[in-house]
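Dear colleague,

Please find below the structure that I am handing over to you. My notes on what was found in it follow directly after.

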Amino acid sequence: MIKVSESAKKKVIELMTEDGYNAETDFVRVGVKSGGCSGLSYDLKFDKEQLEGDKVFEDNDVRIIVDKKSFLYLIGTTLEYSGGLNGSGFVFNNPNANRTCGCGESFSL
């Protein structure tokens, strides 16, 4: 399961609407790919389609879709949004990550 904080929910709905997506029917696709300074990096985009093997979750009125491979890395993760003075963006609080880089966009297990 992937959780969505209240601040992330508001920003996701705002961005989906701006990009022509419907937060009630479309998805936030969350994934993991090779790269970044710690070895793995997060991938987040909007999607209208569920593919075979995808896992679908809904938390805090946000529909999340994860491919089967990425799901193993993301179990228990909370998607948050930070709009502070040090920069703004989505933050993944991943209990499976042993190490994260300074920018928070990559991790290792």
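**Salt bridges and their setting**

E14 and K11 both belong to helix 1, where three residues, about one turn of the helix, separate them. The two form a salt bridge, with the closest N and O atoms 3.2 Å apart. E14 has a relative accessibility of 38% and therefore counts as partly exposed, whereas K11 is among the buried residues of helix 1. Please bear in mind that the model is a predicted one.

In total, the structure contains five salt bridges. Another of them joins K9 to D61, again with 3.2 Å between the closest N and O atoms. This pair ties together distant parts of the chain, since K9 sits in helix 1 and D61 in the loop between strand 4 (55–59) and strand 5, 52 residues apart. K9 is at 15% relative accessibility and so counts as buried; D61, at 48%, is partly exposed.

D26 and K48 form a further salt bridge, their closest N and O atoms being 3.3 Å apart. Here too distant parts of the chain are linked: D26 lies in the loop between helix 1 and strand 2, and K48 in the loop between strand 3 and strand 4, 22 residues apart. With a relative accessible area of 7%, D26 is buried. Finally, a network of salt bridges links R29, D47 and D54.

**Overall architecture**

The chain has two helices and nine strands, and along the sequence these follow the pattern β-α-β-β-β-β-α-β-β-β-β. Of its 109 residues, 39% are buried. Among contacts between residues at least 6 apart in sequence, 52% join residues at least 24 apart. The chain exposes about 6,300 Å², of which carbon and sulfur atoms supply 47%.

Helix 1 has 13 residues, which at 1.5 Å a residue should span 18 Å; the end C-alpha atoms are 19 Å apart, in agreement with that value. Its buried residues include A8, V12 and M16. Just after the helix, G20 adopts a positive phi of about 85°.

How many of the eight residues of strand 2 are buried? Six of them are, so the strand is largely enclosed by the rest of the structure. With strand 5, strand 2 pairs in the parallel sense over two bridges, and V28 has I64 of strand 5 as its bridge partner.

Beyond its neighbours within four places in sequence, V28 is in contact with V12, M16, L44, K45, F46, V62, R63, I64 and I65. Of these residues, V12 and M16 are buried in helix 1, and I64 is the bridge partner noted above.

Yours sincerely

Conventions: Residues are numbered from 1 along each chain as its sequence is written. This is a predicted model: local features need pLDDT of at least 70, side-chain atom pairs count only at pLDDT 80 or more; totals for chains, interfaces and linings use all residues. Side-chain values use heavy atoms; hydrogens and water are left out. Contact means heavy atoms within 4.5 Å. Buried means under 20% relative accessible area, exposed over 50%, partly exposed in between (1.4 Å probe, protein chains only). Helices (H or I, at least four residues) and strands (E, at least two) are DSSP runs, numbered from the N terminus. Two strands pair if DSSP finds at least two bridges between them. The expected span of a helix is 1.5 Å times one less than its number of residues. A salt bridge is a side-chain nitrogen of Lys or Arg within 4 Å of a carboxyl oxygen of Asp or Glu. Accessible areas come from the Shrake-Rupley method with a 1.4 Å probe; for residues, only the protein chains shown count as cover.
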